[in-house]
Amino acid sequence: MSRRHVVFILNLLQDVNIVRPLALLAAESIDVDIALLVSDRFLLRDKQGVWKDEVEALARRVTAEIFIYEGVESAYRWLSDKYGALFAASESNLSAHYEVHDVFRTAPAGFVKITLQHGLECVGFLQNREHDKAHGEAVRFAADLVAGWLDGPRLTSMAPSERAKLVVTGPGLVLQRPPTGSQSVAEGLVCENLHSVRLSASGDFRVSFMDLFFDFCESLASEGKKVALRPHPGGQYVLKNKLSLPGNVVLANEPIYRTDLGAFRYGVSAPSSVVLDMVLAGIPTAVWADCGGVMDTRHYEGLTFITSMADWQAFRRDALERPEMILERQARYVRDLGMPVEPQDVRARFLNLMELGSRRWSPPGAAELRQSSKHQR
Amino acid sequence: MRISVVAPSEQYMALAGVRIRYQRIASRLEAAGYTFDIKQISEIDRRVPLESDLYIFSKCYDARSVLAATFMRSQGRCVGIDVFDDYFDQTRDSELIRHREWLRAMGEFCDFFLCSTPRMHDVVARYLPHAPGHILNDPFQTYNVKDVARLAQEKAKRAIRDRRIDVLWFGIGDNPNFHVGLKDLAAYGDHLQQMIRRGFDVDLRILTNRRAMTVEGLQSIGRLSVPHVLQEWSVEREDELLTRSLLAFIPVNGQSFSVAKSLNRAVTALTASAQILSPGYPLYKPLEDFVYDTADAFIDDLEGGKMKLRRATTAALAKKLAVWGDPERESEKLIGFLKAVVETPAATKAPISSVGVIHGVRSPVDCHKAAQRLGYLSVASPMSPPKWNYDVRFVFDQDGVHAQFSGAAKVALASEFLYQLTPGVSPAGKDVVCLSIKTVLPGHPLEAFMSDADQRSQISTYFGAMHLIGDVLSRLIPGIRLHLSELESPYWLAFGDEAPGKRMRIQ
């Protein structure tokens with residue numbers, strides 16, 4: 001049998017963001033073979049080939065083998081002579097996750113399987129009403145353990161059958177060390193996740209978001225300012241739908257771990273985990289919500305909300321002139337979440353998990369049986 | 001004599017059944033002066049003269065074979081079936097009712113049947129009491145006795161030296177109707193664990209078809225407590241791994257499907273120099289001198305240097321195999337049987353004027369095509385796919401129910417209806433001729449049935465719908481023989497499932 005492994009499964013494009021800090025952590029901290037188990041569908045999804053390059057760069061950096069699996073049987077065969085910990089960023093019994101779910105269901109007994117919470121709001125962990133509508137409230141995992149960002153009582157969407165699997169780690173994103181001190185390309189950063197069910201399950205909010213964004217761009221243009229627009233890494237809605245963007249919009253499509261969020265003076269997004277990225281990066285952050293109050297935004301309650309042009313402009317003014325006021329509010333929000341965010345703490349929690357997964361029992365061979373029976377005598 | 005085996009599809013040609021059963025005797029039949037070939041069922045066409053004297057259907061379990069057999073018999077050919085999987089003995093299993101109905105339907109046209117084992121013979125004979133049956137043992141591939149002896153000895157020596165047993169499980173890993181294949185392997189896996197307890201490491205290779213490698217299949221072998229390597233089956237890999245492996249592990253469970261299987265896996269393994277461990281049902285009893293049923297007995301013999309398959313026993317094996325699957329002998333017996341069949345005059349039956357097939361909920365489009373290729377009528381039911389270009393269908397509009405007929409169907413209509421025909425266009429966009437049911441069969445219950453949209457396409461009315469259509473057609477086309485094409489089991493239930501051999505009629 002080969003050396004113990006820490007294997008990361010990549011299936012959705014955004015999985016790379018979640019998995020990357022953990023692969024780096026494993027490489028620098030423990031003596032294991034690291035491998036990236038990539039679904040063939042990942043490559044199909046990666047139409048521009050951007051993420052393939054990222055995965056290859058990561059593999060070089062952590063000296064990991066990349067194995068591309070086509071169907072559950074090829075993953076099964078590849079895993080069958082290995083043991084250790086098997087991590088996935090998006091695994092559940094939802095149809096969108098079957099490529100990973102099936103690998104978990106069939107993974108050899110020598111692996112501990114761990115599903116990572118991949119966003120603050122995340123199916124099976126903490127869902128908003130739009131998630132509930134689209135995916136139901138009984139999402140389950142094939143994992144042995146699930147690594148959550150918050151403690152059990154706050155992860156209100158965990159099915160009772162899954163609760164015993166919870167290990168609280170906090171978000172791996174605090175282990176990222178993005179570049180700092182870079183020259184800002186624009187004053188503020190606006191993030192879109194228009195592909196998400198959050199913006200469509202209770203009505204189509206995509207148009208009102210984009211209308212408001214365009215108005216905001218126009219008002220900035222009159223001052224000769226620019227704004228950066230960041231499409232969701234998996235959704236890429238504005239690019240896929242070829243929306244024409246105003247002249248003062250700069251696309252910020254680099255992976256999050258290569259984006260210096262601190263270089264922006266403020267950030268805006270519809271409800272999405274990127275809100276938390278910006279909050280933790282310490283920039284004034286606003287959450288956009290529809291003016292009718294239909295979208296479920298309760299998990300962001302406590303942050304600054306904008307629904308109209310007036311709100312947006314007021315937020316910008318505060319962010320530029322009195323950022324401390326917003327930052328203090330954000331610090332309170334993070335504290336109230338009760339989420340581990342200290343990098344040293346989160347690091348130790350993940351390392352525990354990786355070590356745990358690397359000590360799994362595997363069936364003894366004849367020699368070991370002989371040894372143990374001698375021992376008993 | 002010219003003999004053709006009729007197969008359902010091109011993929012079928014690569015299956016073990018074809019390779020083992022027919023290809024190993026083909027050359028011997030040809031050497032004896034017979035022409036032997038394997039045809040796809042789609043090649044049977046009324047515009048192409050039938051070249052063979054005798055046709056054997058193999059694994060064609062749908063209405064296509066019933067239609068083709070009807071056609072062959074009408075051309076004076078001998079027709080038979082070869083059955084080597086038991087889908088017919090489970091009379092309480094509603095999933096398999098379509099197989100039982102198929103066998104009953106074929107019974108009417110079969111002059112004989114072939115099968116692989118005595119048990120299979122008993123099962124088929126219950127459905128086809130008047131047809132003579134013959135057991136064609138799966139012929140083995142010619143092998144070299146000396147090579148088998150040498151390899152068996154080398155492998156046993158290596159196992160003792162390395163304290164490791166190379167084991168192979170090979171075969172089809174799944175079946176849509178039965179728990180077999182990988183499930184058997186997992187269920188009997190403890191026998192392999194016992195070898196480890198006896199001090200030998202086990203290196204298990206699993207060779208199976210890709211379709212079996214589902215989550216459920218993988219989960220079951222994932223629970224094996226011995227390390228294993230899974231590979232996709234190919235004939236070359238099977239040869240290579242049997243030659244390499246000391247042991248072929250062939251557990252057999254006791255369900256009717258499994259106990260009717262032939263000896264071929266054991267014979268293949270033995271002639272490739274592998275020992276056999278076959279726990280479970282004693283399917284390989286005829287070869288018991290060469291088959292282990294427990295891991296302990298196997299390990300005892302291995303350590304004692306007295307493996308069941310060894311140099312000293314190869315002569316006895318050859319003698320045994322000569323009885324159970326010598327290709328020479330099997331082809332001779334087959335020729336003798338088929339000659340007798342051809343020479344027996346077929347019972348004369350009343351000629352059938354028209355033949356049609358009614359399509360049910362799930363009917364393969366190939367059945368529709370086959371019917372038209374053979375000059376038979378393809379008939380729509382309210383449940384069948386609407387877009388096919390049927391010969392007969394019933395449509396409902398504000399004027400009531402109309403039967404629509406293609407040119408071919410028009411020819412078959414009783415003459416009294418011809419003057420009542422009106423031109424029309426079918427839902428598939430073809431020119432057709434129509435008869436108003438109200439006019440030609442006043443008061444027929446099909447009219448009321450079709451007018452009720454709620455009734456038209458429900459499971460509970462399936463039986464009624466088929467019978468009404470059958471009844472109307474037998475009035476409009478006197479003497480028509482109708483078959484049902486249906487792959488969805490629950491629907492067949494409506495026709496009842498009585499004793500083997502007794503067949504329900506649609507009209």
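Which side chains of chain B and chain A meet in a salt bridge with an N to O distance of 3.2 Å? In this predicted model, the partners are B:Glu216 and A:Arg105, and this pair belongs to an interface across which two salt bridges are found. The points below describe that interface and then the part of chain B that contributes to it.

**Extent of the interface**
- Chain B brings 20 residues to the contact, while chain A brings 16 residues.
- About 1,400 Å² is buried between the two chains, and carbon and sulfur atoms give 57% of that area.
- Of the area that chain B buries against chain A, 32% is supplied by B:Arg210, B:Val215 and B:Leu218, which is more than any other three residues supply.

**Polar links and the side of chain B**
- Five residue pairs are in polar contact across the interface of chain B and chain A, with both residues of each pair at pLDDT 80 or more.
- On the side of chain B that touches chain A, at least two residues each come from helix H7 (190-197), helix H8 (215-222) and strand S9 (228-232).
- H8(B) gives the most to this side, with six residues.
- Sorted by class, the side of chain B that touches chain A holds seven nonpolar, seven polar and six charged residues.

- Strand S8 of chain B, residues 201-208, pairs with S9(B) in the parallel sense over five bridges, and B:Thr208 has B:Glu232 in S9(B) as its bridge partner.
- Together, S8(B), H8(B) and S9(B) form a right-handed β-α-β unit.

Key:
Residues are numbered from 1 along each chain as its sequence is written. Chains are lettered from A and ligands numbered from 1 in the order in which they are written. This is a predicted model: local features need pLDDT of at least 70, side-chain atom pairs count only at pLDDT 80 or more; totals for chains, interfaces and linings use all residues. Side-chain values use heavy atoms; hydrogens and water are left out. Contact means heavy atoms within 4.5 Å. Buried area is the accessible area (1.4 Å probe) that two parts lose on being put together, summed over both. A salt bridge is a side-chain nitrogen of Lys or Arg within 4 Å of a carboxyl oxygen of Asp or Glu. A polar contact is a pair of N or O atoms within 3.5 Å; within protein, one must be able to donate a hydrogen and the other to accept it, and residues adjacent in sequence count only if both atoms are side-chain atoms. Helices (H or I, at least four residues) and strands (E, at least two) are DSSP runs, numbered from the N terminus. Ala, Val, Leu, Ile, Met, Phe, Trp, Tyr, Cys and Pro count as nonpolar, Asp, Glu, Lys and Arg as charged, and the others, Gly among them, as polar. Two strands pair if DSSP finds at least two bridges between them. A crossover is right-handed if, with the strands pointing away from the viewer, the path from the first strand over the helix to the second runs clockwise.
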